[in-house]
Each structure stands twice: as structure tokens, then as C-alpha cells.
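Student: Could we go through this model together? I would like to begin with the ligand and then turn to the fold.

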Amino acid sequence: MSDILTEPLLRPWSIEDIESVLTAFASDDMATQTQAPIVLAAQAEMWLAPRMLESPRAVSFAIDLAGVAVGEVALSRINPDHGTAWISYWVTPVARGAGLATRAVATLADWGFDRLELERIELAHRVNNPASAVVAARAGFLVEGTQRAKLRYAGERFDVVTNARLFSDPAPAFAPLEVIALELIG
Ligand SMILES: CC(C)(COP(=O)(O)OP(=O)(O)OC[C@H]1O[C@@H](n2cnc3c(N)ncnc32)[C@H](O)[C@@H]1OP(=O)(O)O)[C@@H](O)C(=O)NCCC(=O)NCCS
């Protein structure tokens with residue numbers, strides 16, 4: 001397979017991603033990424049359904065590696081009045097450590113600044129998620145503060161580190177991913 005075919009890209013979700021979604025959410029550290037467990041095909045389909053629709057408030061991309069969805073990067077809470085949005089991301093365990101999340105987050109931030117005319121994109125991660133902190137910093141997000149005891153998982157409370165990147169912030173150096181957006185194929 002040529003390098004062109006194996007180069008990762010951001011693309012819309014499809015119903016054919018059900019197996020990839022089930023694989024991703026089988027990982028322990030993904031359980032906190034959803035409100036309800038995703039172990040059945042029907043649950044994966046419900047997770048996919050809103051992501052396959054165009055919405056003025058949210059846009060989600062599959063991080064595609066050789067035709068397989070190995071992660072998600074998404075903008076939500078898009079607020080055109082304030083030019084703000086929230087960015088979230090995950091990568092399935094087998095594809096981690098290769099810089100995919102960093103490239104995906106930096107690419108989608110630029111896409112949001114350019115295509116949605118955003119001026120501020122926010123994210124947050126638990127203090128015990130150093131991989132996410134690395135991704136945020138490398139994608140150009142600056143730490144703004146700590147929200148104490150913000151989240152509770154399995155009875156334990158966690159501080160959360162808030163980050164943001166402004167359109168006017170220095171752009172990070174990264175290798176951008178190709179972006180295939182819904183509007184381009186719809
Ligand atoms: C966080 C996450 C998206 C990172 O994905 P990824 O594709 O592996 O990220 P990248 O490869 O771009 O960068 C991760 C970096 O963190 C580093 N890292 C990983 N675990 C680490 C740890 N425990 N301590 C310090 N650094 C760590 C990696 O080594 C890598 O740096 P390197 O390139 O110098 O080796 C992935 O671990 C994940 O999906 N986790 C579960 C969901 C999640 O936490 N999402 C974010 C919610 S805020």
C-alpha cells in the first residue's frame with residue numbers, strides 16, 4: 001500500500017464504522033468518554049447517528065487510518081455569537097503514541113478558525129491524563145487554570161485542567177491531516 005493510501009485523514013463518520021466504535025469503547029479509559037456503555041452494535045449506531053448529521057452546533061470527524069476509524073476529534077458547543085467552541089478527542093489504544101491525536105486536534109482547530117471563523121477553542125482534561133495534556137500543549141492550547149474536584153468517576157473526584165487556543169495565539173508546528181467534511185461529500 002502506498003504512503004498516500006496510509007496517510008491518516010479526518011473524514012465524516014459512516015454507519016460502516018460500527019465495528020471500529022465498538023472496538024474503541026471496549027477500552028477501559030474510554031468508558032468516561034460516554035454517558036452510557038457502548039457494547040452492542042445498536043449502542044454504537046446510536047453513538048454514530050448524531051455524528052453523521054450536519055449541525056450548526058457540532059461537527060465530529062473520524063480519524064481514519066487506512067480506511068479504519070481509529071479515533072474521533074470533534075467541535076461542539078459551537079457558538080457563532082462569541083466565536084467559541086469546545087474540542088474533544090480520543091484515539092483507540094492500538095493507534096496511540098503515533099502523534100495522531102496531536103495532528104487531529106491541531107488540524108481541526110485550524111479548520112474551526114478558518115471555516116467556522118472561531119476565535120477561541122476550549123478543552124479540558126483531568127489532571128491524571130498526562131497524554132491529553134501533551135496533546136493539548138502540542139496542538140497550541142495554553143493552560144488557563146484548574147477546576148478543583150470538577151468530575152467524579154467511581155466515587156473519586158478529579159481536578160480538571162482547562163485550556164484554550166485563540167485564533168491570535170502562535171500556531172503550533174505540525175503536519176496537518178487532510179479534512180473531508182460532510183458538506184464536501186453531501
Ligand atoms: C489522550 C489521547 C487522545 C492521546 O492520543 P495519541 O494519539 O496517543 O496522542 P499523541 O501520540 O498525539 O501524543 C501523546 C503523547 O503523550 C505521551 N504520553 C502518553 N502517556 C503518557 C503519560 N502517562 N505520561 C506522559 N506522557 C504520556 C505520549 O508518549 C505522546 O508523546 P510522544 O509523542 O512524545 O511519545 C489517547 O490517549 C486517548 O484517547 N485517551 C483516552 C481518551 C482521552 O483521554 N481523551 C482526551 C480527553 S481530555
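Student: Which residues come nearest to the ligand?
Tutor: Of the 21 residues around the ligand, those that come nearest are Gly97, Gly99, Thr102, Asn129 and Arg138. Please keep in mind that this is a predicted model.

Student: What is the distance between the side chain of Thr102 and the ligand oxygen?
Tutor: An N or O atom in the side chain of Thr102 is 2.6 Å from an oxygen atom of the ligand. Backbone atoms take part too: a backbone N or O atom of Tyr89 lies 2.9 Å from a ligand nitrogen, and one of Ala98 lies 3.4 Å from a ligand oxygen.

Student: How much of the ligand does the protein bury?
Tutor: The protein buries 70% of the 960 Å² that the ligand exposes when taken alone.

Student: And which elements give two or more residues to the shell?
Tutor: They are strand 4 (84–91), helix 4 (100–115), strand 5 (120–126) and helix 5 (130–138). Helix 5 supplies the largest share, 6 residues.

Student: How does the shell divide into nonpolar, polar and charged residues?
Tutor: There are 11 nonpolar, 7 polar and 3 charged residues in the shell around the ligand.

Student: Strand 4 came up there. Is it mostly covered or mostly open?
Tutor: Strand 4 is mostly covered, with 7 of its 8 residues buried. Strand 4 runs antiparallel to strand 3 (residues 68–79), and 7 bridges join the two. Within that pairing, Gly71 has Val91 as its bridge partner.

Student: What about the hairpin between strand 3 and strand 4?
Tutor: That hairpin has 4 residues between the strands, and Gly83 takes a positive phi near 65° there.

Student: How does strand 4 run relative to strand 5, parallel or antiparallel?
Tutor: Strand 4 and strand 5 run parallel and are joined by 3 bridges. Ala85 stands opposite Ile121 in strand 5.

Student: How many bridges pair strand 6 with strand 7?
Tutor: Strand 6 pairs with strand 7 (residues 156–166) in the antiparallel sense over 8 bridges. Leu142 stands opposite Ala164 in strand 7, and Leu151 stands opposite Phe158 in that strand. Their hairpin has 2 residues between the strands, and Ala154 takes a positive phi near 50°.

Student: Now a loop residue. Where does Gly140 lie?
Tutor: Gly140 lies in the loop between helix 5 and strand 6. Its relative accessibility is 11%, so Gly140 counts as buried, the cut-off being under 20%. The C-alpha atoms of Gly140 and Trp86 are 14 Å apart, with 54 residues separating them along the chain.

Student: Finally, the chain as a whole. How many helices and strands are there?
Tutor: The chain has 6 helices and 8 strands, and from the N terminus they run α-β-α-α-β-β-β-α-β-α-β-β-β-α. The radius of gyration is 16 Å, close to the 16 Å that the globule rule gives for 186 residues, so the chain is as compact as a globular protein of that length.

Student: What share of the residues is buried, and what box do the C-alpha atoms fill?
Tutor: Of the 186 residues, 41% count as buried. Along the principal axes, the C-alpha atoms fill a box of roughly 40 × 40 × 30 Å.

Definitions and conventions
Residues numbered from 1 in each chain as written. Predicted model: local features only at pLDDT ≥ 70, side-chain atom pairs only at ≥ 80, totals over all residues. Heavy atoms only, no water. Near = heavy atom within 4 Å. Polar contact = N/O pair within 3.5 Å; in protein donor to acceptor, adjacent residues only side chain to side chain. Areas by Shrake-Rupley, 256 points an atom, 1.4 Å probe, with all protein chains shown as cover. Nonpolar A, V, L, I, M, F, W, Y, C, P; charged D, E, K, R; others polar. Pairing = 2+ DSSP bridges. Rg over C-alpha atoms; globule rule 2.2 N^0.38 Å. Buried < 20%, exposed > 50% of the residue type's maximum accessible area, 1.4 Å probe, protein only.
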